Amino acid sequence: QYRLATAITPGKHYILVGAKNGSYYAMGSQNQNNRTGVAITVTDGLATVTDDLGVYEVRINGDLSTGYYTIYDEKTPGYLYAASGTGTGNYMKTEKELDANGNGTWEMRVTNEGVASIKAISDANRPWMRYNSGSTLFSCYQYSDSQSDIYLFERVGDESTQSAPVEITAAGYATFATKFAVDFSATSLEVYTAQVNDAKNGVVLNE
């Protein structure tokens with residue numbers, strides 16, 4: 001079950017829901033340039049979703065102080081992002097990695113009524129994530145009342161633990177960069193920070 005969220009808790013799992021005229025649709029699988037909408041039932045702010053419906057859950061990671069978040073689809077897997085440029089259409093895609101233009105980073109706010117404002121911080125020509133009730137899909141647009149609001153529903157009983165995928169090579173190494181604080185103490189990994197040392201023309205590693 002999922003309940004209507006009136007705040008964002010980084011690390012929790014959510015479903016993205018569009019609503020119009022009493023009908024509710026949750027975000028589903030990735031099309032080429034948008035996400036499908038899957039019909040769900042919402043009663044008294046609670047949505048019951050079973051695996052066979054085809055609803056895709058996301059984990060929202062981020063920073064409450066900045067209001068910047070990532071939306072990670074663990075099932076696909078990949079980050080949702082708005083396409084950039086002026087000729088890309090109303091696109092929302094899923095990529096395995098965040099890119100340098102910030103296309104996988106969003107500014108998000110939620111009202112007390114659960115309406116979610118989700119806007120890409122990149123230079124995307126159509127940065128607003130909205131629900132298109134006419135086509136029953138989720139995508140990115142220039143802001144317009146012709147598209148419908150999106151609501152966040154959080155998984156009931158979910159614990160807040162932020163995570164990010166890291167691929168470790170066959171040699172046993174990986175690099176990882178983030179603007180958020182990370183605690184590796186509960187892992188068995190050996191973790192080092194890398195600092196450029198101009199004097200030695202190299203990099204110094206500190207555990």
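The model is predicted. Strand β2, which covers residues 13–20, is mostly covered, with six of its eight residues buried, and it pairs in the antiparallel sense with β7, with β15 and with β3. The largest nonpolar core has 26 residues, and another core, of 11 residues, lies apart from it. The second largest pocket holds about 730 Å³ of space.

**Strand β2 and its partners**

- Between β2 and strand β15 (residues 150–155) there are five bridges, and the two strands run antiparallel; here V17 stands opposite Y151 of β15.
- Four bridges join β2 to β3 in the antiparallel sense, and in this pairing V17 stands opposite A26 of β3.
- The strands β2 and β3 also form a hairpin with two residues between them, and in the turn N21 has a positive phi of about 55 degrees.

- The strands β3 and β4 run antiparallel and are joined by five bridges, while a hairpin links β3 to β4 through four residues.
- On to strand β14 (residues 137–141), β4 is joined by two bridges, with the strands antiparallel, and the bridge partner of T36 in β14 is L137.

**N33 in the loop between β3 and β4**

- N33 is found in the loop between β3 (23–30) and β4 (35–40).
- Is N33 buried or exposed? It counts as buried, because its relative accessibility is 13%, and the cut-off for buried is under 20%.
- Setting aside residues up to four places away in sequence, N33 touches N90, Y91, M92, K93 and S139.

**The nonpolar cores**

- Within the largest nonpolar core, the residues with the most contacts inside it are I60, I71, W106, M108, I118, M129 and L152.
- I118, one of these residues, is in contact with L16, I71, W106, E107, M108, P127, W128, M129 and I150, once neighbours within four places in sequence are left aside.
- The other core, which lies apart from the largest one, includes Y2, V17, V38 and I40 among its 11 residues.

**Y72 in strand β8**

- Y72 is found in strand β8, which spans residues 68–73, and this residue is buried because its relative accessible area is 12%, where buried means under 20%.
- Although Y72 and I60 are 12 residues apart in sequence, their C-alpha atoms are 6.3 Å apart in space.

**The second largest pocket**

- Rolling a probe the size of a water molecule over the atoms shows where empty space is left.
- The second largest pocket has a lining of 19 residues, and those that lie nearest its centre are A174, T175, E190, V191 and Y192.
- Which elements give two or more residues to the lining of this pocket? They are the strands β16 (193–197) and β17 (202–206).
- By residue type, the lining of the second largest pocket divides into 12 nonpolar, five polar and two charged residues.

Terms used: Residues are numbered from 1 along each chain as its sequence is written. This is a predicted model: local features need pLDDT of at least 70, side-chain atom pairs count only at pLDDT 80 or more; totals for chains, interfaces and linings use all residues. Side-chain values use heavy atoms; hydrogens and water are left out. Buried means under 20% relative accessible area, exposed over 50%, partly exposed in between (1.4 Å probe, protein chains only). On a 1 Å grid over the protein atoms alone, a cavity is a set of points where a 1.4 Å probe fits but cannot get out, and a pocket is an open set with protein on both sides within 12 Å along at least five of seven lines; lining residues have an atom within 4 Å of a point. Grid points are joined across faces, edges and corners, and a volume is the space filled by probe spheres set on the points. Ala, Val, Leu, Ile, Met, Phe, Trp, Tyr, Cys and Pro count as nonpolar, Asp, Glu, Lys and Arg as charged, and the others, Gly among them, as polar. Contact means heavy atoms within 4.5 Å. A nonpolar core is a set of buried Ala, Val, Leu, Ile, Met, Phe, Trp, Tyr and Cys residues joined through side-chain atoms within 4.5 Å. Two strands pair if DSSP finds at least two bridges between them.
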